[in-house]
Amino acid sequence: MTGQAYAERCAHWYRAGYYQRETLAQALRRAVAARPDTALHFHTQHGLRAATARELWDASGPVAAALQARGLRAGDVFALQLPTSFETAALYVAAFRAGAT
């Protein structure tokens with residue numbers, strides 16, 4: 001796909017509402033505000049862990065602040081490979097909140 005074709009497709013997706021002009025962290029914040037009690041289930045090696053969207057968002061806040069204090073900035077690439085867990089999900093959300101991509 002050429003650069004022009006991609007740009008036209010993206011413009012169409014924005015007009016159609018498929019794309020929003022917000023980051024993933026902004027979309028998550030909006031979703032949590034709208035439905036904070038949405039149930040999340042983490043199937044881990046230690047069993048099932050249930051939480052709400054609000055609990056995940058709240059747990060990610062201090063971690064996001066710590067990542068920023070350690071130099072993580074908007075646009076930085078952040079990658080990790082950890083087992084499925086509530087804590088791993090909180091770390092991903094924290095990275096997005098800190099601006100990582």
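Trainee: Which residues make up the largest nonpolar core?

Mentor: In this predicted model, the largest nonpolar core has ten residues. They are Val32, Phe42, Ala51, Ala53, Leu56, Trp57, Phe86, Ala89, Ala90 and Val93.

Trainee: Which elements give two or more residues to this core?

Mentor: Helix 3 and helix 4, the latter spanning residues 86–97, each give two or more. Helix 4 gives the most, with four residues. Another core, of seven residues, lies apart from this one, and it includes Ala64, Leu72, Ala94 and Ala98.

Trainee: Which residues is Phe86 in contact with, leaving aside its neighbours within four places in sequence?

Mentor: Phe86, itself a member of the largest nonpolar core, is in contact with Phe42, Arg49, Ala51, Glu55, Leu56 and Ala59. Among these, Phe42, Ala51 and Leu56 also belong to that core.

Trainee: Is Ser85 buried or exposed?

Mentor: Buried means under 20% relative accessible area. Ser85 has a relative accessible area of 17%, so it is buried. Ser85 is placed in the loop between helix 3 and helix 4. Not counting residues up to four places away in sequence, Ser85 touches Phe42 and Thr44.

Trainee: At what angle do the axes of helix 2 and helix 3 cross?

Mentor: The axes of helix 2 (residues 24–34) and helix 3 (residues 53–69) cross at roughly 135° and come within 9 Å. Helix 2 is therefore oblique to helix 3. The crossing in which helix 2 passes helix 3 is left-handed.

Trainee: Which residues meet where helix 2 and helix 3 are in contact?

Mentor: From helix 2, Ala25, Leu28, Arg29 and Val32 take part, and they meet Ala53, Arg54 and Trp57 of helix 3. Sorted by class, this contact has five nonpolar, no polar and two charged residues.

Trainee: How do helix 2 and helix 4 cross, and which residues meet there?

Mentor: Their axes come within 8 Å and cross at roughly 115°. This crossing is left-handed. Leu24, Ala25 and Leu28 in helix 2 meet Val93, Phe96 and Arg97 in helix 4. By class, the contact has five nonpolar, no polar and one charged residues.

Trainee: Which residues is Leu28 in contact with, leaving aside its neighbours within four places in sequence?

Mentor: Leu28, in helix 2, is in contact with Trp57, Val93 and Phe96. Partly exposed residues fall between the buried limit of 20% and the exposed limit of 50%. Leu28 counts as partly exposed because its relative accessibility is 28%. Leu28 and Thr52 are 24 residues apart in sequence, and their C-alpha atoms are 13 Å apart in space.

Trainee: How far apart are Ala31 and Trp57 in sequence and in space?

Mentor: Ala31 and Trp57 are separated by 26 residues in sequence and by 10 Å in space, C-alpha to C-alpha. Ala31 is found in helix 2. With a relative accessible area of 41%, Ala31 is partly exposed, whereas Trp57 is one of the residues of the largest nonpolar core.

Definitions and conventions. Residues are numbered from 1 along each chain as its sequence is written. This is a predicted model: local features need pLDDT of at least 70, side-chain atom pairs count only at pLDDT 80 or more; totals for chains, interfaces and linings use all residues. Side-chain values use heavy atoms; hydrogens and water are left out. Axes are lines fitted to C-alpha atoms, for helices over the stretch in contact, and angles run from 0 to 180 degrees between N-to-C directions. Angles under 35 degrees count as roughly parallel, over 145 as roughly antiparallel, 65 to 115 as roughly perpendicular and the rest as oblique. A crossing is left-handed if the near helix is turned anticlockwise from the far one by less than a right angle, and right-handed if clockwise. Contact means heavy atoms within 4.5 Å. Ala, Val, Leu, Ile, Met, Phe, Trp, Tyr, Cys and Pro count as nonpolar, Asp, Glu, Lys and Arg as charged, and the others, Gly among them, as polar. A nonpolar core is a set of buried Ala, Val, Leu, Ile, Met, Phe, Trp, Tyr and Cys residues joined through side-chain atoms within 4.5 Å. Buried means under 20% relative accessible area, exposed over 50%, partly exposed in between (1.4 Å probe, protein chains only).
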